[in-house]
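Work through the exercises below with the structure open. Try each task before reading its solution.

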Amino acid sequence: MTARGGEAPSTDGGRSAKEERAAEEERAVEQALALVGCQPQTGHRSPEGPGATCPKPSPSSPEPRASETSPTSPSSAPTGPSPSPSPSAADPTPNPPTPVASASGGSASGGSASDSGSSRAHGASSADRSLSSPRAHRAEATAWDAARALAERLGRATPLTAHRLPLDRALGHVLAEAVVALTDLPSFDTSAMDGWAVAGPGPWAVQEGEGLLAGRGPTAPLPDGHALRIATGARLPVDATAVIRSEHAHCDAAKKLLYAGREVIPGQDIRPRGQECRSGDELLPLGTVVTPPVLGLAAAAGYDALVAVPRPRVDVFVLGDELLAAGLPHDGLIRDALGPMLAPWIRALGAEVAEPRRLGDDAGALRRALVSSDADLILTTGGTAAGPVDHVHPVLAEIGADLLVDGVAVRPGHPMLLARLADGGPCLVGLPGNPLAAVSGLLTLAEPLLRGIAGRLAQDRYRAPVREEVHGHPHDTRLIPVIHREDNVVPLHYNGPAMLRGIAAADGLAVVPPGGVRSGTEVEILDLPWASASPWTEGCFT
């Protein structure tokens with residue numbers, strides 16, 4: 001597979017290079033998921049308690065989602081070594097298999113023989129698929145589409161649990177059971193307007209009394225040729241044929257007769273029983289995000305609680321001794337931009353997040369934080385490269401984590417990573433330290449992973465033309481902040497890896513393929529959470 005976006009030559013007579021690359025990426029996703037597909041949950045808590053396991057998903061079909069109140073039964077973990085990656089289409093001579101887990105489909109070591117020989121596994125043998133030394137040359141970057149697909153499928157491989165939530169606590173959760181109508185809506189014929197209920201043709205004899213009000217029980221039938229005052233939402237009397245709005249009727253008090261100011265059509269301004277739904281109709285499917293209108297519909301249908309998937313729980317660990325929590329940058333120190341940004345962003349994605357913790361450049365503190373976390377997802381910021389104080393790779397190796405993605409062919413954000421902690425522990429997304437690069441990692445790996453864990457349905461992918469030419473990276477995908485203007489999108493300036501000025505004004509990011517695009521070319525758009533009507537969660541600023 002060519003993770004750099006170029007076309008590899010066809011290796012299968014009848015298959016194009018594009019088809020070959022797609023098949024290679026599919027095998028890479030299958031291989032990476034096989035590493036974590038059936039590991040027991042020991043030492044880490046699932047959303048509903050210990051004992052949950054991760055079923056092995058099929059690479060060619062959507063994973064079944066459980067809506068029961070308990071996770072699926074445990075499966076035994078594979079005991080043999082994982083299959084070696086398929087050789088790259090551009091390199092017919094594969095390297096020997098190594099203990100490094102790679103989702104790129106190429107050689108897991110990616111380095112020379114001397115690099116491979118100097119690598120050292122930490123905490124487990126190669127059969128246990130532990131990390132090799134982080135100082136060894138890492139695997140070729142995973143293609144952007146393949147990385148996103150792997151993250152989402154890894155999330156959907158997590159068994160769904162469900163709990164029953166009162167309506168006032170269900171906002172932002174995802175339905176684990178369909179909402180089915182418990183009764184007809186409306187459950188009786190009602191008036192859609194304030195006015196007069198009439199029976200038969202007019203003029204109508206006006207009946208004395210206060211009329212019909214909402215919330216009252218059944219009344220006597222309305223005789224033909226009679227009219228009775230009625231309020232919006234009131235139950236219609238038997239034999240009534242229409243409702244005349246107050247402004248469309250004239251009452252002659254002396255004669256006690258009601259006259260219509262315009263033609264009266266039988267059934268007008270009446271909401272008949274079952275107009276919106278019949279008992280047993282599906283109102284909302286499994287996987288629906290609970291928004292305010294969903295709460296209203298559920299209440300109207302008679303629900304007091306909804307069966308929903310717990311929100312994924314996220315821990316954020318901010319790394320770097322150079323970061324300030326307050327005040328102006330000074331003396332080589334800079335403000336932490338990611339801590340304040342990530343928590344509300346993650347809430348906007350429908351997850352629960354603890355207050356970000358600042359760990360500095362302390363490998364011991366990072367190790368303790370990782371092994372003690374009971375979150376569904378851990379986010380780290382910075383430390384994913386190979387500098388002298390970049391501790392993420394060494395610590396993951398030390399605790400025996402499975403490294404599934406080690407670098408993605410995207411700019412900014414190339415040094416992002418995705419790992420799974422040992423013994424069925426939580427997933428970890430390592431975000432680069434540069435702010436816009438971290439946003440790229442959030443949308444590439446964390447967002448699809450959280451969507452899978454929460455059982456959310458993926459939004460339809462869409463494309464829009466760019467208003468002007470966009471320069472691309474020679475080999476990697478680029479994510480460029482854009483803003484929608486009429487029927488196209490406008491690329492924003494200040495889109496360097498360390499800049500937030502562009503993304504702060506954006507409502508989406510354009511996915512620019514290697515080499516760039518000309519003005520008018522359609523590109524895929526990634527919407528930002530606050531740019532659309534969903535998801536709705538407490539703390540989401542929509």
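**Exercise 1: a charge over a ring**

Find the ring that the charged end of Arg 501 sits over.

Solution. The charged end of Arg 501 lies over the ring of Tyr 494, 4.0 Å from its centre. The test is NZ of Lys or CZ of Arg within 6 Å of the ring centre and within 35 degrees of the ring normal. This is a predicted model, in which local features need pLDDT of at least 70 and side-chain atom pairs count only at pLDDT 80 or more, while totals for chains, interfaces and linings use all residues. Residues are numbered from 1 along each chain as its sequence is written, and side-chain values use heavy atoms, with hydrogens and water left out.

**Exercise 2: the aromatic pair**

Search the whole structure for aromatic pairs and classify what you find.

Solution. Step one: the search gives one aromatic pair. Rings of Phe, Tyr and Trp (its six-membered ring) pair if their centres lie within 6.5 Å; planes under 30 degrees apart count as stacked, over 60 as edge-to-face and the rest as tilted. Step two: the ring centres of Trp 345 and Trp 530 are 4.8 Å apart and the planes stand at 75°, so the pair is edge-to-face. Trp 345 is in helix α5 (residues 338–348) and Trp 530 in the segment after β28 (522–527), 185 residues apart. Helices (H or I, at least four residues) and strands (E, at least two) are DSSP runs, numbered from the N terminus. Step four: check burial. Buried means under 20% relative accessible area, exposed over 50%, partly exposed in between (1.4 Å probe, protein chains only). Trp 345 has 3% and is buried; Trp 530 has 27% and is partly exposed.

**Exercise 3: a histidine in a loop**

Locate His 248 and decide whether His 248 is buried or exposed.

Solution. His 248 is in the loop between β8 (242–245) and β9 (249–252). Its relative accessibility is 19%, so His 248 counts as buried. Now list the contacts (heavy atoms within 4.5 Å). Neighbours within four places in sequence aside, His 248 touches Tyr 259, Ala 260, Gly 261 and Arg 262.

**Exercise 4: the whole chain**

Count the helices and strands, then give the share of buried residues.

Solution. The chain has nine helices and 28 strands. Of its 542 residues, 50% are buried. Finish with the contacts in the chain at a separation of 6 or more: 72% of them join residues 24 or more positions apart.
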